[in-house]
Amino acid sequence: MTALTAHDIHRLIDGLSAGALEELRGRDFLLTWDKSREELETVLQIGRVLKLLRTTNVSTRVYDSGLGVSIFRDNSTRTRFSFASACNMLGIAVSDLDEGKSQIAHGETVRETANMVSFMAEVVGIRDDMYIGKGHTYMLRVAEALEQGHRDGVLEQRPTVVNLQCDIDHPTQSMADLLHVLTEAGGAEKLRGRKVAMTWAYSPSYGKPLSVPQGVIGLFTRFGMDVRLAYPEGYSLMPDVVEKAGKFAAESRGAFRICGSMKEAFEGADFVYPKSWAPFSVMEERTAIVETGDRQKLQDLEKRCLQNNARFQDWQCTKELMAGTNGAMYLHCLPADISGVSCERGEVAADVFEKFRTPLYRQASWKPYVIAAMILASRMANVRSVLSTLLDRSDSRVV
Amino acid sequence: MTALTAHDIHRLIDGLSAGALEELRGRDFLLTWDKSREELETVLQIGRVLKLLRTTNVSTRVYDSGLGVSIFRDNSTRTRFSFASACNMLGIAVSDLDEGKSQIAHGETVRETANMVSFMAEVVGIRDDMYIGKGHTYMLRVAEALEQGHRDGVLEQRPTVVNLQCDIDHPTQSMADLLHVLTEAGGAEKLRGRKVAMTWAYSPSYGKPLSVPQGVIGLFTRFGMDVRLAYPEGYSLMPDVVEKAGKFAAESRGAFRICGSMKEAFEGADFVYPKSWAPFSVMEERTAIVETGDRQKLQDLEKRCLQNNARFQDWQCTKELMAGTNGAMYLHCLPADISGVSCERGEVAADVFEKFRTPLYRQASWKPYVIAAMILASRMANVRSVLSTLLDRSDSRVV
Amino acid sequence: MTALTAHDIHRLIDGLSAGALEELRGRDFLLTWDKSREELETVLQIGRVLKLLRTTNVSTRVYDSGLGVSIFRDNSTRTRFSFASACNMLGIAVSDLDEGKSQIAHGETVRETANMVSFMAEVVGIRDDMYIGKGHTYMLRVAEALEQGHRDGVLEQRPTVVNLQCDIDHPTQSMADLLHVLTEAGGAEKLRGRKVAMTWAYSPSYGKPLSVPQGVIGLFTRFGMDVRLAYPEGYSLMPDVVEKAGKFAAESRGAFRICGSMKEAFEGADFVYPKSWAPFSVMEERTAIVETGDRQKLQDLEKRCLQNNARFQDWQCTKELMAGTNGAMYLHCLPADISGVSCERGEVAADVFEKFRTPLYRQASWKPYVIAAMILASRMANVRSVLSTLLDRSDSRVV
């Protein structure tokens, strides 16, 4: 990529779909399936251009001042830094709203807080992934509050809400994953028919969100890929998302199928994504218990789940299983539970992880660009002209 | 406001009082009554100009680098973000000094810390509102330490201290409140004789600072308004501030009067500001107990206070009480305790709050501009020329 | 200094050693003894130039965007703000990685995290000073991970690691100390033969790191100074560092000697640096206990140490002891334990501290410039041309 000339980059910029940019303008980025395939490809392309600019020391600053508000209602390291990096790249300063973790937000407080932190905000990035039916809803409430605040003259600009992981989708992750896969494959058109296995994997922990596997099956099926989902009995995802994945596969003339074992899903796969998650039904139960505040019940649930998990310790991505693939590339959102490294027995064998460490890190490296692209696409009236201006003025990022 | 031309804005800038600017230059902003009425009006006018610039995409960056230190010795969301927004607008990066909450600061530590965090600081924003006799004193100590540090060649610049709420006053709040009221009324001269009711209101919580009501009666009385203060027996404010309010009212040919009920204070009012606070005597007692570290006594005090509070549950801002006003606008510093929403029974009925939500949010939206104006007025040798330069160079905030 | 003309500053810039700059380029700053004396002098000189630029309102921004990652595995106020100030001065935004305190970091997590937070990072500043054999090792692991990440195409740039205090050295402190001493003495060449006493001093606390005294004896001996180290029986430093100090003294034709009392070390001294630390053997024992997680043993160790400390309460820097010096200047890294002020009995008598407060604060004021110089020297291909450009373009830091 670095060998591209300014002329090549201009061609990439000119190739951005005017219609898709029009649609992306002024809209939040909450779920990939709220966007057309063309919009998604446009965001990815903007991400690529931003990377090309930055790696050639061309400043990507489009703001001379402005705030990015981050609201993390669950732990985060890589997404937090990716958001900070994306904002920084555009000239936006990050201010973190620290409300304390793990609360379910309600009514008036959400509306008010959304406005109070956003007087100078260009973007509000939110992670709220712990409670089924809550995270996405919370983001919608924030977006509504901002919309109304702007309409009422409270906010001078209407900040864009970017989903940094909710209970349903994790679009900054899945889009970075896709950009990685697409780059490795040599372009979006090369993804057609490629086999990807999104599978459950064993982890000695409990309560991991569903949004990563849901995000992957809901996005990769839109690009004509042959997507297989596999999990042990009882570990199903949200039915609604699974249904969407099937529909998307049909529309994109790809395939979507649920398999009963890792082995089956891996067969002939080009990409494998083995990752732990909690069963949908357990996540629902947990949310209901949290609302009641019963700590004993929560502990009982955790115990029961860990015991159940332990029945599926053989759902581990090993060299033997990898041998059944089509020389697949191993994917993960990180951090992975690596057997003998971060835990006794986990999602992936150490030798498999070791072999793919570098591509895994590269996979993660796309996230800041994807987030910056989401922000730019939503904020700017004329993205093509903005990017061209950046390229032509060629301000150095580093003196 | 947005319809103003560059020519109109230049006239606003030219109208800033040279004498007041001279007085504001290099001074901290700790208490509104440290400033002349002309100085206060000048700060408000700068705030208006900054808003006009920003809303027309004119960069308000006056620093290419520089630090803003924030010291929050009590919780804060909206003031924290307002300070961050104000700094960001001017090109200042915020660095938060997190000392842990609720301590009373002493001697050498204050002097040393003030210098150690300020080597590159333009402004130090402080919230310290929990202990009577402590917060304002702490800010004075910090200011002295900075003054001396600069005199001794330790600090290359002497940062401005901005009071983000102390035990006595909350000037960034009251100035934002005033700018809101003034904007709604159509100018400072229109405030003369307008009636404002600053009243206590019931809340199921304990220990809320006195600085908001004190800040309001100490500021609004300076603009010829007819200010009524009302509270239940035992909930009096600091005698010194109350005395000041009376004197200011006399000087500005306004009025100041203490009423025995919400109803009386509301009669014919143009603005009402019902808000809970703890009695001055309780706040004093609490400070003394905290100094001894006796947790049992603190708990006893809290219990006693909540019981006493409960006797005044009818001090609630209802539609019925609002009916006795002159179609008053409801004011609050937020968050309000809304009956049936954020608590069972609180400061304000839900229907009243609901009706005024938008103006309430707009009231809060002035705070970043007020803080930025305080900083600018203190830091810049020639504010008029700086603002004119910003307007004339017309750098875009957003590319 | 402020009377220097642009011409004078250009001469300082031109005087920077091309060879030393070449060596500093692309290297981390972990231990002063990794660097040649010429490299150290070059960093100090860059620090001086940066201060000259900033105090004459010349912008020192070399980045239009870019991240500085700070990892504080122990408390910090002044180093935290010094790092923030240094980054800010260069145009770098700080993002703090908060992992929770006091953990010993292991393996894969270190490698992965180092990469995940560094996609846009220019510098990673680390404090990890609590555990013998761990802090410096951790920084090496981070540096290796970044090196490999860059080699593998994961990171677009290889961030510089700056040691903000490890178990062995505290180079940003000792270099600021040296720059202070050198400025007071009137130049590096004036340091030859000057006597400095680095001594233990009593403190009613436990477990203070060894890195300050080690940093001082390992750095000041390289400049031909006559360095005396004194401590009570049992409070020795790491043998390896002590050995280095002796070797450095011999090489620089200075002197290094261990004394049995504060009095002896102070005799005829030009500079004294009395400061508490924990015995090396205790720090080793503590590290071993922490690895086992035995809280009871940790408490026992603390109790035992405090009792032992108490035997040496007379190791206090008093006016009487100062009388035996050559009118010495008192040094400290701050905060000091001041008898009758911050504790009943501590490292230094109140009157001694009081007398030297201003020079102490000035000593600390060099730290931001030293850190900025370390960053610049490592990041920039042509430091002389960069500094000249800053001076010639003369962009104002403040409008």
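Trainee: In this predicted model, at what angle do the axes of helix α3 and helix α7 of chain A cross, and how are the two helices therefore described relative to each other?

Mentor: The axes of α3 (residues 37-55) and α7 (residues 171-185) of chain A come within 11 Å and cross at roughly 70 degrees. Angles of 65 to 115 degrees count as roughly perpendicular, and therefore α3(A) and α7(A) are described as roughly perpendicular to each other.

Trainee: Which strands of chain A are the edge strands of the open sheet?

Mentor: The open sheet consists of 5 strands of chain A with parallel pairing, in the order β7-β6-β5-β8-β9. An edge strand pairs on one side only, and in chain A this applies to β7 (255-259) and β9 (329-330).

Trainee: Within that sheet, which residue of β8(A) is the bridge partner of A:M198?

Mentor: Strand β5 (residues 195-200) and strand β8 (residues 271-275) of chain A pair in the parallel sense over 5 bridges. In β8(A), the bridge partner of A:M198 is A:Y273.

Trainee: How many residues of helix α8(A) are buried?

Mentor: Helix α8 (residues 211-220) of chain A lies across β5, β6 (226-230), β7 and β8 of chain A, and runs at about 160 degrees to β5(A). Among its buried residues are A:V212, A:I217 and A:F220. The helix α8(A) is largely enclosed by the rest of the structure, because the number of its residues that are buried is 10 of the 10.

Trainee: What kind of axis relates chain A to chain B?

Mentor: Chain A is superposed on chain B by a rotation of 120 degrees with 0.0 Å of shift along its axis, at an RMSD of 0.0 Å. Of the residues of chain A, A:A93 comes closest to this rotation axis, at 4.6 Å (C-alpha). The relation is that of a three-fold axis.

Trainee: Which element supplies the largest share of the side of chain A that touches chain C?

Mentor: In chain A, 28 residues are in contact with 26 residues of chain C. At least two residues of this side come from each of α3, α4 (78-90) and α15 (357-365) of chain A. The largest share, 6 residues, comes from α4(A).

Notes
Residues numbered from 1 in each chain as written. Chains lettered and ligands numbered in written order. Predicted model: local features only at pLDDT ≥ 70, side-chain atom pairs only at ≥ 80, totals over all residues. Pairing = 2+ DSSP bridges. Helix = DSSP H or I, 4+ residues; strand = E, 2+ residues; numbered from the N terminus. Contact = placed C-beta atoms within 7 Å. Axes fitted to C-alpha atoms, helices over the stretch in contact; angles between N-to-C directions. Buried ≥ 20, exposed ≤ 12 C-beta atoms within 10 Å, placed from the backbone. Least-squares fit on C-alpha atoms with pLDDT ≥ 70 in both. Parallel < 35°, antiparallel > 145°, perpendicular 65-115°, else oblique.
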